[in-house]
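Let's take a walk through a protein model together. Have the sequence and the 3D view ready, and follow along one stop at a time.

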Amino acid sequence: MIQTNNKGNWFEITVPGEWEKYTLETLFKDFWKAPKKLVHTFRMEKSVLLNGQVPDWTLPLSKNERLSLKLFTEEESTFIPQYLNVDIIYEDDHLIVFNKPAGMDTHPNADGQTGTLANAAAFHMQASGEVNRPRHIHRLDRDTTGAVLFAKNPLIAAILDKMLEEHSIKRTYLALADGIIRQKKGTIDKPIGRDRHHPTRRRVSDTGQQAITHYKVLEKLKQRDLTLIQCSLDTGRTHQIRVHFSSIGHPLAGDELYGGSDAFHRQALHAVKMEFTHPFTQEKIICHAPFIDEEPIFINIDPYEI
């Protein structure tokens, strides 16, 4: 784990030995894969210091040097801060993982909208005296529960966006599908596009975007005609798991939009686990999201054992 420290607006990293192969240029470009525009802004605003001095970005880093990044600068929030009772699974100075309840959008879909997870994140950061604004890295459907990741500053947001794109953030879902799925595991590789006949629905479409869902069957609940499945995604298309399982004749239980039964008051889908390596500390972060439905959907399952 890399040694770090906060000093006012500055985040300080003690350069580890394994970074001696990098210059500042290559650390940002190749290790963190930060966008050129953002790195240019950091350079122009002298928001990166080495041992307290404006550095030469082309020189190799040395072990135990002090790398300072001006990350904690005041930003105007794009979301109306609002207190909402949402559990936090993990938090540090750079990121936060919430356990989103059902019936809550991840972020506003119109100016001035409240009641979303982003509003709760803005309130939480403001109440904690943090001056940055939250940025969601991914989203969950309104009635899907579980782990959602927010970044607390522009640099970590850009790094996490890239990590998500490169599948370095692993997300695991649990779902209950209608019917009994015979295969023990499988991959659904079907492109997904918009449904022209419905404002929000998606469908499998040859002209859609590539979508790949991996699944394995955890339990066949024959008495209830349901199958408990664990899923992971190579892509993050809107409604991906819901569309894919509907397309193979096993819509998620409770998912009326995609032909599911009325077994539950919502689609039986929960983002149960998130794993990634922290970009700054290189610490392995594993977040488990407990079930939070008042009327339980997932019964006799330990979310910490997934």
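**Starting in the strands**

Find lysine 100 first: its bridge partner in strand E8 is glycine 146. Strands here are DSSP runs of E with at least two residues, helices are runs of H or I with at least four, and both are numbered from the N terminus. Two strands count as paired if DSSP finds at least two bridges between them.

Before we go on, a word on what you're looking at. This is a predicted model, where local features need pLDDT of at least 70 and side-chain atom pairs count only at pLDDT 80 or more, while totals for chains, interfaces and linings use all residues. Residues are numbered from 1 along each chain as its sequence is written, and side-chain values use heavy atoms, with hydrogens and water left out.

Back to E6 and E8: they run antiparallel, joined by six bridges. E6 (residues 95-100) also pairs with E5 (residues 87-91), again antiparallel, through four bridges. With three residues between them, E5 and E6 make a hairpin, and in it isoleucine 88 sits opposite phenylalanine 98.

Is E8 buried or exposed? Seven of its seven residues are buried, meaning under 20% relative accessible area with a 1.4 Å probe, counting protein chains only (exposed is over 50%, partly exposed in between).

Now for the cores. A nonpolar core is a set of buried Ala, Val, Leu, Ile, Met, Phe, Trp, Tyr and Cys residues joined through side-chain atoms within 4.5 Å. The largest one has 43 residues, and Trp19, Phe28, Trp32, Leu67, Leu69 and Leu155 have the most contacts inside it. Helix H4 (residues 154-165) gives the most to this core, with seven residues. A second, separate core has 27 residues, including Leu117 and Val148. In soluble globular proteins, nonpolar side chains tend to be buried together.

Last stop: glutamate 65, in the loop between strands E3 (48-50) and E4 (66-70). What does its side chain make a polar contact with? The side chain of asparagine 51, at 3.2 Å (a polar contact pairs N or O atoms within 3.5 Å; within protein, one must be able to donate a hydrogen and the other to accept it, and residues adjacent in sequence count only if both atoms are side-chain atoms).
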